[in-house]
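The sequence and structure are shown first.

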Amino acid sequence: MQIYLDSANIQHIQQAASWGIIDGVTTNPSLLAKEDPKVDVKQRILEIHKMVGGHLSVEVISTNTDGMLREAEEIRSWFPEATIKIPMLPAGLAAVKELSKKNIPTNVTLIFSPIQALAANNAGATYVSLFLGRLDDIGMNSASILEEVANIWYVHNFESKIIAASIRNPLHIIQSAKVGAHIATVPFDVLKKSLMHPLTDQGIDIFLKDYDRMQTEIQKIITE
Ligand code: G3P
């Protein structure tokens, strides 16, 4: 399962990219506004693209098909590999259909149910983004909904990729990998937290102390 960073923060993206474990970045208007409400979106997106080079999803803000298609064209003029993130609306599905005819990759976002995921796939989406955390927030079981989506994908051998999104904790990442999501898009703090383990820190501490003890013994022998 690939990992994307769900972020518009340059420092975070730079740091996660330096660890060699991310294959792309997903953004949305909320993530961009969180960094700086006055941010120049085009400039920020191009900065991220230059830094990571892999997958980069950029979201449209229109809610009608023509507006989405116009925005998609504009975003693709910034850099031609852009994946266009389209909201899960009937108008969005129509836009996905048009974009897929031109082989333009799309990521259908704000998916909360297997039927929405199926519809996005059938419209020609390249990626379908199922929001786990927001499902859990309203008392739904995101793990079992993701499993249903994954089962449908493997029964039908769909080409589109499942992105587990709205990831809030390390368990969401593991659940996504176990049921066969192709990608998990993860916020920086969750990714960093996921890499930590108290036994790893404790182990390093013990190794370093033992190494120091060895050095002290060697010094003793040399000076005797
Ligand atoms: O990838 C979608 C994500 O940004 C939404 O996450 O935590 O706002 O539900 P969240």
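## A buried charged pair

K85 and E59 are both buried, where buried means under 20% relative accessible area, exposed over 50%, and partly exposed in between (1.4 Å probe, protein chains only). The two residues form a salt bridge, with their closest N and O atoms 3.8 Å apart; the term denotes a side-chain nitrogen of Lys or Arg within 4 Å of a carboxyl oxygen of Asp or Glu. Because K85 belongs to strand β4 (residues 83-87) and E59 to strand β3 (residues 55-59), the pair ties together parts that are 26 residues apart in sequence. Helices (H or I, at least four residues) and strands (E, at least two) are DSSP runs, numbered from the N terminus.

## Basis of the model

The model is predicted: local features need pLDDT of at least 70 and side-chain atom pairs count only at pLDDT 80 or more, whereas totals for chains, interfaces and linings use all residues. Residues are numbered from 1 along each chain as its sequence is written, and side-chain values use heavy atoms, with hydrogens and water left out.

## Helix α11

By the salt-bridge rule, the count comes to 8. One of them joins D205 and K209 at 3.0 Å, N to O; these residues are 4 apart in helix α11, about one helical turn. D205 is partly exposed at 40% relative accessibility, while K209 is exposed at 54%. Another salt bridge links D210 to R213 at 3.1 Å, again within α11 and 3 residues apart. Here D210 is partly exposed at 33% and R213 exposed at 54%.

Helix α11 (residues 198-223) also contains Y211, which is partly exposed at 45% relative accessibility. Together with M214, I218 and I222, Y211 forms a nonpolar surface patch of about 420 Å² accessible area. Such patches join nonpolar side chains (Val, Leu, Ile, Met, Phe, Trp, Tyr) within 5 Å, and like charges within 9 Å, using residues with over 30% relative accessible area and no salt bridge. Accessible areas come from the Shrake-Rupley method with a 1.4 Å probe; for residues, only the protein chains shown count as cover.

## Strand β8

Both faces of strand β8 (residues 183-186) are covered, with I183 and T185 buried on one side and A184 and V186 on the other. Strand β1 (residues 2-6) runs parallel to β8 and is joined to it by 4 bridges; pairing requires at least two DSSP bridges.

## The whole chain

The chain has 11 helices and 8 strands, and 44% of its 224 residues are buried.
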